[in-house]
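Work through the exercises below with the sequence and the structure at hand. Each task is followed by a solution in steps.

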Amino acid sequence: MIGTGYVGLVSGACFADFGHEVVCVDKDKAKIAALSRGEVPIYEPGLSDLVASNTRAGRLKFTTELLGDEVERIIRETRSDADCAVVSNPEFLREGAAIQDFKHPDRIVIGTPDARAREVMSELYRPLYLNRSPILFTDRRTAELIKYAANAFLATKITFINEIADLAEKVGADVQEIARGIGLDNRIGSKFLHAGPGYGGSCFPKDTVALIKTAQDHSAPLRIVEAVAAVNDARKRAMARKVSAALGGELRGKTIAVLGLTFKPNTDDMREAPSIPLITALQDMGAKVRVYDPIGMEQAKGLIGNIIFCDDSYSCAEGASALVIVTEWEQFRALDFDRLKGLMARPVLVDLRNVYRPDEITRHGFVYESVGRPRK
């Protein structure tokens with residue numbers, strides 16, 4: 001496995017767990033040294049234990065050496081007449097559920113016209129056959145477009161419901177009921193219809209941009225995907241205006257408490273996280289920002305400046321004029337609002353993930369602002 005990021009490390013550890021012998025290669029010497037000591041550089045539930053157990057069993061090893069000469073020697077000794085085949089095998093792993101997704105996939109896409117390569121790849125994934133995992137064989141370019149098209153479609157669903165949320169606020173409708181109403185249609189489905197501050201992470205932003213560029217290079221522009229990317233970028237920063245509106249339009253000199261920095265729960269990934277442009281916009285409006293995230297604060301320290309990192313939700317809320325939920329970590333789903341009210345300068349909650357019910361929060365004497373629902 002070349003590369004020990006989210007995909008490479010999870011895939012390598014899972015293949016080793018199937019019984020294969022796996023060597024993970026990375027040019028980052030410090031990362032390889034840490035992995036060899038049993039230190040996993042990313043947060044993914046269950047990954048540390050999986051890496052440790054397979055390293056102890058001798059099935060999983062880490063190196064900075066690609067061993068291109070060694071591979072060539074083995075091929076020459078075993079099959080001097082062998083041809084090499086290149087296979088496109090896109091991944092569809094969700095951060096925070098990557099191990100489950102790898103071992104219980106909806107589908108496995110394998111792109112190659114080579115019959116022998118198909119046999120090898122089928123054998124590689126043979127341990128999944130008890131799970132009835134469908135393998136889709138296709139050519140390489142089709143396999144690559146399946147990956148990009150899938151992520152662009154999901155990004156489009158997110159962006160669509162976010163724009164519907166904006167309309168719902170204007171007309172006094174409830175976007176969560178709208179999402180439920182359209183999601184019950186089997187042709188649409190309920191997943192990825194949760195209004196919020198926009199998508200982030202390592203896949204959707206990168207893959208939509210790559211698909212747009214590929215389409216432009218081949219004179220087949222994808223106007224819908226272009227609009228999705230533009231709307232999503234603008235939305236992240238626009239969430240600061242929602243915070244400002246909850247405080248009467250003035251943030252200068254006020255302290256804002258932000259709960260959640262990572263782009264989603266159960267990961268420390270800060271790539272393209274909505275919290276970054278949101279916090280930057282709050283600072284541009286003159287606000288002082290305090291933050292807390294259960295896992296992501298170390299990653300955030302190199303990305304966001306002039307903020308105060310706090311130990312928990314309640315220390316974060318001290319003296320704040322508004323509390324903003326940006327990432328829907330489980331730790332934020334049962335907050336003590338009576339305690340928060342005593343700590344904050346003003347009882348204002350801006351819930352960008354619609355974690356709470358409006359009547360529940362207003363009952364505690366809070367001003368409550370959410371996404372796509374009537375303001376309380």
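**Exercise 1.** Locate Glu91 in this predicted model, and decide whether Glu91 is buried or exposed.

*Solution.* Step 1: Glu91 sits in the loop that links α4 (68-78) to α5 (98-103). Step 2: its relative accessibility is 18%. The cut-off for buried is under 20%, so Glu91 counts as buried. Step 3: the side chain of Glu91 comes to 2.9 Å from the backbone nitrogen of Leu93. Step 4: with neighbours within four places in sequence left aside, Glu91 contacts Val7, Lys147 and Cys203.

**Exercise 2.** Describe how helix α9 and helix α10 pack.

*Solution.* Step 1: a pair of packed helices is described by the angle between the axes and the distance between them. Step 2: for α9 (residues 204-217) and α10 (residues 223-246), the angle is about 145° and the axes are 10 Å apart. Step 3: the crossing of α9 past α10 is left-handed. Step 4: α9 contributes Thr208, Ile212 and Gln216, which meet Val225, Glu226 and Ala229 of α10. By type, the residues of this contact are three nonpolar, two polar and one charged.

**Exercise 3.** Which residues of strand β9 lie on each of its faces, and are they buried or exposed?

*Solution.* Step 1: side chains of a regular strand alternate between the two sheet faces. Step 2: in β9 (residues 348-351), Val348 and Val350 are on one side, with Leu349 and Asp351 on the other. Step 3: all four of these residues are buried, and both faces of β9 are covered. Step 4: β9 runs parallel to β8 (residues 322-325), and three bridges join the two strands. Leu349 of β9 is the bridge partner of Leu323.

**Exercise 4.** Where does Val175 lie, and what surrounds Val175?

*Solution.* Step 1: Val175 belongs to helix α8 (residues 175-183). Step 2: its relative accessible area is 2%, so Val175 is buried. Step 3: beyond neighbours within four places in sequence, the contacts of Val175 include Ile161, Ala168, Ala195, Asn354 and Val371.

Methods: Residues are numbered from 1 along each chain as its sequence is written. This is a predicted model: local features need pLDDT of at least 70, side-chain atom pairs count only at pLDDT 80 or more; totals for chains, interfaces and linings use all residues. Side-chain values use heavy atoms; hydrogens and water are left out. Axes are lines fitted to C-alpha atoms, for helices over the stretch in contact, and angles run from 0 to 180 degrees between N-to-C directions. Helices (H or I, at least four residues) and strands (E, at least two) are DSSP runs, numbered from the N terminus. A crossing is left-handed if the near helix is turned anticlockwise from the far one by less than a right angle, and right-handed if clockwise. Contact means heavy atoms within 4.5 Å. Ala, Val, Leu, Ile, Met, Phe, Trp, Tyr, Cys and Pro count as nonpolar, Asp, Glu, Lys and Arg as charged, and the others, Gly among them, as polar. Buried means under 20% relative accessible area, exposed over 50%, partly exposed in between (1.4 Å probe, protein chains only). A polar contact is a pair of N or O atoms within 3.5 Å; within protein, one must be able to donate a hydrogen and the other to accept it, and residues adjacent in sequence count only if both atoms are side-chain atoms. Two strands pair if DSSP finds at least two bridges between them.
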